[in-house]
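Grab a pencil and have a go at the exercises below.

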Amino acid sequence: MNKEELKSYVKELGIELTEEMLQKLNDYADFLLEYNTHTNLTAIKTKEEVYLKHFYDSLTLTKIANLKEGTLLDVGTGAGFPGLVLAIVFPNLEVTLLDSNNKKITFLNECIAKLQIKNAHTVYSRAEDYTKIHRESFDFVTSRAVANLRILLELNIPALKVNGHFLVMKGNLEEELEKSINTMQVLSCKIIQQEEFNLPKNGGARTLLNIKKTKETDQKYPRTYDKIKKKELK
Ligand code: SAM
């Protein structure tokens, strides 16, 4: 997908990319690919793929949420997906980019400074340590390609405000969803929207879920990562 194609595909999502946004995305792609030659950030090696599998894919979250304003936490953001793309396209969205890999945080800090992005900042932390403390704080939490849904629910839901939304990005979700029913009950959240579609240009199947938190989360969650992994909430 090239720049012009991105512009027209996201128009179908209701997004009008300005020249300034397109320039920032272009500089982001160049910096990512150049940095990736010496530091492993992404398996994607071409600009066309960055535009499709990182930029367009990140922006499909607008199918399930209005991200024009509010606060968003991207847990396990890696090289900034989807969080940094959303920050570029939605300047009134306050974005927190969290990752436990210091190389990725260093890249993001350089990228944010280079592109002069004012509405994004980074946090170097394990998710479970951060969301244990920063509770009931965000309108939106998201994570792409970080862990299975059951684990992500316990890591992410504590950080959401009541009535906030956990925006789930997955390929095929059926099995993970079944294994997450009990956890969703214990953490008082419910699915309010599900979207299934294919990325353009045979980019693969995608499922998005909008999960709404309905009650404050008990202080005992999240548990330690070991416990989250070993034992399902019931
Ligand atoms: N979200 C990005 C994307 O879709 O391109 C990165 C995905 S990468 C496969 C997974 C990222 O999650 C890694 O950068 C890793 O360091 C981070 N991660 C995994 N578990 C984490 C945890 N418990 N706390 C913080 N970051 C975590």
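**Exercise 1.** Find the members of the largest nonpolar core that touch the most other members, then work out which elements supply the core.

*Solution.* Keep in mind that this is a predicted model. Start with the core itself: it has 54 residues, and Tyr 28, Phe 55, Leu 67, Leu 84 and Phe 107 touch the most other members. Next, look at where the residues come from. At least two each are supplied by helices H1 (3-11), H2 (19-35), H3 (47-59), H4 (83-89) and H5 (102-115), and by strands S2 (93-99), S5 (160-170) and S6 (189-199). Finally, pick out the biggest supplier: H2 gives nine residues, the largest share.

**Exercise 2.** List the residues in contact with Phe 55, skipping its neighbours within four places in sequence.

*Solution.* Count a residue if heavy atoms lie within 4.5 Å. That gives you Leu 6, Leu 25, Tyr 28, Ala 29, Val 50, Phe 81 and Val 85 as partners of Phe 55. Now look away from this core, and you'll find another one of 29 residues, including Leu 209 and Tyr 221.

**Exercise 3.** Which residues are closest to the ligand, and how much of the ligand's accessible area does the protein cover?

*Solution.* First, the surroundings: 16 residues are around the ligand, and Gly 76, Phe 81, Asp 99, Ala 127 and Arg 144 are the closest. Then check the polar side chains. Asp 99 has a side-chain N or O atom 2.6 Å from a ligand oxygen, and a polar side-chain atom of Arg 144 is 2.6 Å from an oxygen of the ligand. For Ser 100, a side-chain N or O atom sits 3.3 Å from a ligand nitrogen. Last, the cover: on its own the ligand has 600 Å² of accessible area, and the protein covers 79% of that.

Key: Residues numbered from 1 in each chain as written. Predicted model: local features only at pLDDT ≥ 70, side-chain atom pairs only at ≥ 80, totals over all residues. Heavy atoms only, no water. Core = buried A, V, L, I, M, F, W, Y, C linked by side-chain atoms within 4.5 Å. Buried < 20%, exposed > 50% of the residue type's maximum accessible area, 1.4 Å probe, protein only. Helix = DSSP H or I, 4+ residues; strand = E, 2+ residues; numbered from the N terminus. Near = heavy atom within 4 Å. Polar contact = N/O pair within 3.5 Å; in protein donor to acceptor, adjacent residues only side chain to side chain. Areas by Shrake-Rupley, 256 points an atom, 1.4 Å probe, with all protein chains shown as cover.
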